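Please keep the viewer open as you read.

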Amino acid sequence: MLKFRVSALRSAVSALRHNITTIPANAQPSASLASKAKAKAHAGPQQDHRTFYELRTYCIQPHQNAAFLKLTNEKIGLRTAHSKLVGYWSIEYGGVNQVFHIWEYDSYSERAGVRAALSQDPSWISQYISVAMPMLTSQDNEVTYLVPWSKLTSPPKEGGVYELVSLQFKPGGPAVWGQAFQAAVTAHDAPGYGKLLGAFHNEFGKRNRVHCLWWFESADERAEIRHKAHTDARVVAAVRNSVVFLYSQENKLMFPCAFSPLK
C-alpha cells in the first residue's frame, strides 16, 4: 500500500512538472494586467514627493471686507515669514465677501511646525490674528495634492483673472473617474482656451473632490471661450464622458490681491 501511494505521488509530481509552462523573460503582460496597470496610473494621488497644498477659504463680514483686505495686505509678511504662499485672491463671482489662498508645505511635520511657531509669534497674534479673526464669519481648509499629470505653473503674464473650478465626483477615486477627468481638463487646456495652472485632488476635506485653477486674460475672454467650447466637438465629447462620474460643480471667478505671488 505504501509503495502504491509513493508511486502515485511521483506520477502526480511528474504530471505537474510536465504541465508547467515557462514564461519567457520578454513576455508581454496580459490584457488584464495592462488594464490594472492603466488603472493604477490614474489611482492617486500618487506623486514622487511629499509636497502638498492647503487650500483655504475665508468668509468675511460684509462691512469688514475692505478692512480685512487692507490689513492682510499690510501684515501678510508676518505670515509668509513662516511658510510659502502660492497665491491669494478675492472672489468676485461665486462667493461674495470671500478670499481664497493656497499654501505650500513639504510635509505634514513642516506644517505642524509652522502652526506651532505662529502660535508663539507675538507680532502675528497681536498685529494680525487678534484684529482679523473678528472680521470673519467662517474659515474652511482642504489639504490637496497635485494630480500626477499636473504641475503648478504661473500664468503667461501678470494681470487677468483666475477661475477656481471645484468638482465633486462619485466615490471610487481617480481609479474610477481619473482618466475621464484628465481628458476633459486637457481638452480645455489647449491653444485658444484658458491656461490651467494646477489640478488638485483632495486628501483631507471632501473626498473625491478636485480643484482646477485656471487663468484668463479677462472675464470677457473667459465668457467667449465658454461659448467656443460649446461648439467644439472635441471638448464636448470629453466633457460628456466625464460628467457621468460627476455629482456637482462649483465655479468662482477671482482677482489676485496685490500681495499675491500669483498675479
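**Starting from a cysteine**

Cys212 is buried, at a relative accessible area of 2%; here buried means under 20% relative accessible area, exposed means over 50%, and partly exposed lies in between, with a 1.4 Å probe and protein chains only. Cys257 is buried too, with a relative accessibility of 9%. If a disulfide is taken as a pair of cysteine sulfur atoms within 2.5 Å, the count is 0 disulfides.

A word on the ground rules before going on. This is a predicted model, in which local features need pLDDT of at least 70 and side-chain atom pairs count only at pLDDT 80 or more, while totals for chains, interfaces and linings use all residues. Residues are numbered from 1 along each chain as its sequence is written, and side-chain values use heavy atoms, leaving out hydrogens and water.

Now step back to the overall fold. The protein has 8 helices and 8 strands; these are DSSP runs numbered from the N terminus, with helices being H or I of at least four residues and strands E of at least two. Of its 263 residues, 39% count as buried. Take contact to mean heavy atoms within 4.5 Å: among contacts between residues at least 6 apart in sequence, 81% join residues at least 24 apart.

What does E3 pair with? Two strands pair if DSSP finds at least two bridges between them. E1 (residues 52-60) runs antiparallel to E3 and is joined to it by 8 bridges, with Phe52 standing opposite Tyr105. E2 (residues 84-93) is also antiparallel to E3, through 6 bridges, and Gly87 has Ile102 as its bridge partner. E2 and E3 form a hairpin with 4 residues between them, where Gly94 in the turn has a positive phi of about 95°.

Arg56 belongs to strand E1 and is buried at 10% relative accessibility. Its side chain makes a polar contact of 2.9 Å with the side chain of Tyr58; such a contact is a pair of N or O atoms within 3.5 Å where, within protein, one must be able to donate a hydrogen and the other to accept it, and residues adjacent in sequence count only if both atoms are side-chain atoms. Beyond four places in sequence, Arg56 touches several residues, including Phe100, Trp103, Arg111 and Asp140.

Leu262 lies in the segment after strand E8 (246-256) and is buried, with a relative accessible area of 8%. Leu262 and Gly87 are 175 residues apart along the chain, yet their C-alpha atoms are separated by 5.0 Å. Leaving aside neighbours within four places, the contacts of Leu262 include Gly87, Trp89, Tyr162 and Leu213.

Finally, a look at confidence. The average pLDDT, the predictor's confidence in each residue from 0 to 100, is 87, and 81% of the residues score at least 70. Over residues 1-45 the pLDDT is below 50, and this stretch has 15 contacts in the model beyond near neighbours in sequence.
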